[in-house]
Amino acid sequence: VHALVESLEYANAPDKPFYTEVAVVSMNGMRIGVSTNTLLRDAKGNTHSEQRTAMLVPVGPETLQSSDVMHVHAMRPDATLIRSLYVESSNSSIESQLELQFGEDGAWHVEGKFKGKPLSATWPGKETPSSWLEEALALRKRLTQENAEGASFSVMQWLASADPSTRTESKTTIGKSLGEDRVAVRQSAAGLEVDLVIEKKTGMLFSAVVPVGPSSMSIERVYVDGSF
């Protein structure tokens, strides 16, 4: 059996990610979920990211609700977005399933289901929504500049969980340095403000506090492998 396992090969082996990170999600001091993010590169040099979040949230004294989200992005070598797929389920029932892509008519199109209802939207103009990787690289660059504290910049994103029918402005403001390798950052979009702790050298999330009604949800990265 040992020899069989060592020699086992996939007929169509999946590509190995060049970057992987794992974070845990907590609420009221209790861990309720896990989030993963992987980056792969195809033969054309394009980058594919797959973000998955699985949570089991208490909604009553004896009731739990499962929530699963998958967000897949295809991006060019410069991190600009090619297309995106978003799927969200609750208690194993798919609530949202949306695809964003650029059409031959020179516009971006969103098709699918959002919160249980059909959705079809078109954005005139060729302005490409910013990808999360593009934003991380922009933040990384700004953090190397002098007098970064207090600086801010805005990008237009496709926030599939909030308003997938259009692009939404997301503003990032750099706060105080938290030592040699981390910095406080505040992001605001769609009426929501989130406090983040960002790793300076990568521009990636180290931890975050997200308001959820009267409470809050915390996210903390616990594992990272690779670089970009």
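Q: In the hairpin of β1 and β2, which residue takes a positive phi?
A: That's Asn 28, with phi near 55 degrees. The hairpin has two residues between its strands. Keep in mind that this is a predicted model.

Q: OK, and how do β1 and β2 pair, parallel or antiparallel?
A: Antiparallel, over nine bridges, with β2 covering residues 30-41.

Q: Switching to charges. How many salt bridges does the structure hold?
A: Eight. One of them joins the side chains of Glu 21 and Arg 221, at 4.0 Å from N to O. Glu 21 sits in strand β1 (residues 19-27) and Arg 221 in strand β14 (residues 215-226), so this pair ties together parts that are 200 residues apart in sequence.

Q: Are Glu 21 and Arg 221 buried or exposed?
A: Buried, both of them.

Q: Which residues are in the salt-bridge network with them?
A: Glu 199 is linked in with Glu 21 and Arg 221.

Q: Which residue does Lys 176 meet in a salt bridge?
A: Glu 149, with 3.4 Å from N to O between the side chains. Lys 176 belongs to strand β10 (residues 168-177), while Glu 149 is in the loop between α2 (132-143) and β9 (152-157), so the parts they tie together are 27 residues apart in sequence.

Q: And Lys 176 itself, buried or exposed?
A: Exposed, at a relative accessible area of 56%.

Q: There's also Arg 52 and Glu 50. What's the N to O distance in that salt bridge?
A: It's 2.5 Å between the two side chains. Arg 52 counts as partly exposed at 41% relative accessibility, and Glu 50 is also partly exposed, with 29%.

Q: New topic: where is Ser 207 found?
A: In strand β13, which runs over residues 205-212.

Q: Why does Ser 207 count as buried?
A: Because its relative accessibility is 19%, and buried means under 20%.

Q: What is Ser 207 in contact with, leaving aside neighbours within four places in sequence?
A: Asp 195, Leu 196, Val 197, Ile 219 and Glu 220.

Q: Zooming out, how many helices and strands are in the chain?
A: Two helices and 14 strands. The radius of gyration is 19 Å, close to the 17 Å from the globule rule for 228 residues, so the chain is as compact as a globular protein of that length.

Q: What does the C-alpha trace span along its principal axes?
A: About 60 × 45 × 45 Å.

Q: And what share of the residues is buried?
A: 39% of the 228 residues count as buried. The accessible surface comes to about 13,500 Å², and 52% of that belongs to carbon and sulfur atoms.

Q: Last one: among contacts with a separation of 6 or more, what share comes from residues 24 or more positions apart?
A: They account for 35% of those contacts in the chain.

Terms used. Residues numbered from 1 in each chain as written. Predicted model: local features only at pLDDT ≥ 70, side-chain atom pairs only at ≥ 80, totals over all residues. Heavy atoms only, no water. Helix = DSSP H or I, 4+ residues; strand = E, 2+ residues; numbered from the N terminus. Buried < 20%, exposed > 50% of the residue type's maximum accessible area, 1.4 Å probe, protein only. Contact = heavy atoms within 4.5 Å. Pairing = 2+ DSSP bridges. Rg over C-alpha atoms; globule rule 2.2 N^0.38 Å. Areas by Shrake-Rupley, 256 points an atom, 1.4 Å probe, with all protein chains shown as cover.
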